[in-house]
Amino acid sequence: MASSVVFLVFGGNFEISTSILANLQSPAYEDSFPYDAYDEVCPEHTPDDFPAYVLGSYFLPANDMTAIKQCIMEFGAIGASMCYDNAYLIGDVYKYTGNDATNHAISLIGWDDDDRVFLAKFNWGPDYFKNGVLKISYDDKYIATECYAFTDRVEKTDVKNAYYYDRSGYTAKSTWSAGTKVSALSYFTPKGKELLTYVGTYVGNDTPEITFTVMVGTEVPFVKTIKCPYIGFYSVKLDNPVMVDNTFIVAVDYANVLPLETKSDNYNDPVFIPVGKQYIQVNEKKEIAVGSDSSNPNYRDVNLCIKAYTTDVTTEAEDTNEPANEPESVDVYNTDGRFIKNLRSKNEFLSKGLFIFVEHFSDNTKTKGYLEFRP
């Protein structure tokens with residue numbers, strides 16, 4: 001059941017774009033940062049400069065025309081790479097057949113099967129081609145070889161903070177023998193009392209589905225399995241936000257391919273932390289500590305590719321109908337009167353359903369009992 005680690009050095013910018021988006025540095029409005037081909041300085045921006053977050057992307061299989069068209073219909077414009085040279089523009093259709101490498105990124109916004117062309121939007125403005133849109137032949141050498149769909153728009157009100165250890169995303173993978181269940185666990189500590197709203201991870205090849213599990217103390221408030229049709233970054237919204245004010249765990253069950261971040265010269269600058277925050281389990285038995293001082297050399301200078309997203313606790317979320325005098329303890333019962341457990345606060349109780357809460361105060365002179373539904 002030995003594993004092997006393969007290092008992936010990506011040469012394009014779509015992988016970098018995905019990692020930036022996954023870290024909550026989202027796309028800005030065009031008006032905030034107009035395109036300038038000669039500007040070599042990356043501009044600074046704030047959340048006011050962008051409309052939403054993007055927490056999902058597909059790395060589409062090369063030359064999969066069905067996948068490209070389906071993603072355009074489902075998600076809108078998708079990114080693609082091409083080699084542009086004026087000599088290959090014949091009439092109003094472009095078809096590159098030369099030997100140079102790709103040199104430009106554009107957006108595919110539609111297609112015409114009758115003319116066998118994609119419709120591509122350039123960032124050069126409306127004065128080029130037909131209102132900034134060029135027809136590119138299906139037979140162009142590169143147009144369908146490197147396409148990316150950005151899939152999940154997340155409103156800024158839903159997330160505010162991102163917790164992760166991989167700054168540059170999926171740059172390596174650990175491959176185990178077929179049939180091996182590999183689970184990764186990341187421990188995160190919030191900056192204060194927050195609401196966990198989304199979790200995410202990268203997915204490598206041969207991974208038809210993944211399962212997310214959230215653990216808060218001894219409770220498991222969220223478990224969800226999602227399908228993964230393509231390599232890429234996937235996020236999922238929790239059915240109900242989970243209050244976190246101390247260390248919590250996000251675990252992901254993969255197939256036999258585990259996405260990792262490692263250092264690639266002239267590409268990224270990761271930070272590897274000591275063991276204690278990231279772990280790998282194999283077939284739910286063998287545990288491997290991941291970190292800069294890991295005893296396993298394959299996992300010494302790597303990070304797991306797991307993300308957790310939180311937002312601020314609103315006044316409504318904090319309102320627990322408690323009096324100004326906080327209760328000393330809380331007894332929890334089910335609706336037929338069976339005692340379940342005693343807690344310091346009812347906020348520690350994360351199970352779903354209808355329950356009876358009985359609060360006890362320090363002066364022993366009063367209690368408060370009430371029925372509450374936990375969705």
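Lys307 lies over the face of Tyr164, at 4.1 Å from the ring centre. A charge counts as sitting over a ring if NZ of Lys or CZ of Arg is within 6 Å of the ring centre and within 35 degrees of the ring normal. The model is predicted, with pLDDT of at least 70 needed for local features and 80 or more for side-chain atom pairs, while totals for chains, interfaces and linings use all residues. Residues are numbered from 1 along each chain as its sequence is written, and side-chain values use heavy atoms, leaving out hydrogens and water.

The side chain of Lys307 also meets that of Asp166 in a salt bridge, 3.2 Å from N to O. A salt bridge here is a side-chain nitrogen of Lys or Arg within 4 Å of a carboxyl oxygen of Asp or Glu. This pair links distant parts of the chain: Lys307 is in strand S24 (residues 306-312), and Asp166 is in the loop between strand S12 (161-163) and strand S13 (172-175), 141 residues apart. Strands (E, at least two residues) and helices (H or I, at least four) are DSSP runs numbered from the N terminus. Both Lys307 and Asp166 are buried, where buried means under 20% relative accessible area, exposed over 50% and partly exposed in between, with a 1.4 Å probe and protein chains only.

**Salt bridges**

The count of salt bridges comes to 11.

| Salt bridge | Distance, N to O |
|---|---|
| Lys307 and Asp166 | 3.2 Å |
| Asp92 and Lys135 | 3.5 Å |
| Asp253 and Lys181 | 3.7 Å |

In the salt bridge of Asp92 and Lys135, Asp92 lies in the loop between S5 and S6 and Lys135 in strand S9 (residues 133-137), so the pair ties together parts that are 43 residues apart in sequence. Asp92 is partly exposed, with a relative accessible area of 45%, and Lys135 is partly exposed at 27%.

The salt bridge of Asp253 and Lys181 links strand S19 (residues 248-253), which holds Asp253, with the loop between S13 and strand S14 (182-188), which holds Lys181; the two residues are 72 apart. Asp253 is buried, with a relative accessible area of 19%, whereas Lys181 is partly exposed at 27%.

**Aromatic pairs**

Rings of Phe, Tyr and Trp (its six-membered ring) pair if their centres lie within 6.5 Å; planes under 30 degrees apart count as stacked, over 60 as edge-to-face and the rest as tilted. By this rule there are 18 aromatic pairs. One of them, Tyr58 with Tyr230, is tilted, with 5.1 Å centre to centre and 55 degrees between the planes. Tyr58 lies in strand S3 (residues 57-59) and Tyr230 in the loop between strand S17 (219-227) and strand S18 (231-244), so the pair ties together parts that are 172 residues apart in sequence. Tyr58 and Tyr230 are both buried.

Tyr84 and Tyr94 form a stacked pair, with 5.0 Å centre to centre and 15 degrees between the planes. Because Tyr84 lies in the loop between strand S4 (78-82) and strand S5 (89-90) and Tyr94 in strand S6 (residues 93-94), the pair ties together parts that are 10 residues apart in sequence. Both are buried: Tyr84 has a relative accessible area of 15%, and Tyr94 has one of 0%. Tyr84 and Tyr94 belong to one aromatic cluster with Phe122, Tyr128 and Phe129.

**Strand S4**

Of the 5 residues of S4, 5 are buried. Ile78, Ala80 and Met82 point one way from the strand, and Gly79 and Ser81 point the other way. In a regular strand the side chains alternate between the two faces of the sheet.

Two strands pair if DSSP finds at least two bridges between them. S4 runs antiparallel to strand S7 (residues 104-112), joined to that strand by 5 bridges, and Ala80 stands opposite Ile106 in S7. With strand S10 (residues 147-150), S4 pairs in the antiparallel sense over 2 bridges; here Gly79 stands opposite Tyr148.

**The chain as a whole**

The protein chain has 3 helices and 28 strands. Of its 375 residues, 46% count as buried. Taking a contact as heavy atoms within 4.5 Å, residues 24 or more positions apart account for 69% of the contacts with a separation of 6 or more.
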